[in-house]
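Reader: Walk me through a few features of this structure. Give me the general idea, then the case at hand.

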Amino acid sequence: MKVDDLYNEYDKIFASNKMPFIKCKTCDKAYYYPRNVCPFCGSSNIEIMISSGTGEIYSCTEFKGGFYGIIKFPEGFGAYMNIDGDNIVIGRNVIIKFREIGGKILPYAYVD
């Protein structure tokens, strides 16, 4: 699968309000950013999976009046994204929500 195909599949999954990730069938590791080879073992034997849509704030920073950080997912991958909600601190649980930005549906983390 080409990288552009992966981005297109991610866009379709985002449009259904679900959080995709990629799992390597060779080394069994998970990663978020669309790559057609596994960043851990170099295999192209990969598949797109759907996350539970929940995670935990691994790190965060305030930037231009909003929060941005790394969300750690129970499926074993992490992703940078905007974080909304109250009491945004490391270790808080989040749910993944979606909103349109620049004509594309994109995920963000929400502290409930």
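Predicted model: local features only at pLDDT ≥ 70, side-chain atom pairs only at ≥ 80, totals over all residues.

Reader: How many disulfides does the structure hold?

Author: A disulfide is a covalent bond between the sulfur atoms of two cysteines. Here there are zero disulfides. Take Cys 27: its nearest cysteine sulfur belongs to Cys 38, 3.6 Å away. The cut-off for a disulfide is 2.5 Å, so Cys 27 is in none.

Reader: Now the backbone. Which phi value does Asn 17 have?

Author: Most residues other than glycine have a negative phi. Asn 17 is not a glycine, yet its phi is positive, about 60°. Asn 17 sits in the loop between helix H1 (3–15) and strand S1 (20–24). Its relative accessible area is 52%, so Asn 17 is exposed.

Reader: And what is the phi of Asp 28?

Author: Phi of Asp 28 is also positive, near 70°. Asp 28 belongs to the loop between S1 and strand S2 (30–31). Asp 28 counts as exposed because its relative accessibility is 54%.

Reader: Last, the surface. Which residues make the nonpolar patch?

Author: Tyr 33, Phe 63, Tyr 68 and Tyr 80 make a nonpolar surface patch of about 430 Å². Phe 63 lies in strand S4, residues 54–63. With a relative accessible area of 54%, Phe 63 is exposed.

Conventions
Residues numbered from 1 in each chain as written. Heavy atoms only, no water. Patch = residues over 30% accessible without salt bridge, like charges linked within 9 Å, V, L, I, M, F, W, Y side chains within 5 Å. Areas by Shrake-Rupley, 256 points an atom, 1.4 Å probe, with all protein chains shown as cover. Salt bridge = Lys/Arg side-chain N within 4 Å of Asp/Glu carboxyl O. Helix = DSSP H or I, 4+ residues; strand = E, 2+ residues; numbered from the N terminus. Buried < 20%, exposed > 50% of the residue type's maximum accessible area, 1.4 Å probe, protein only.
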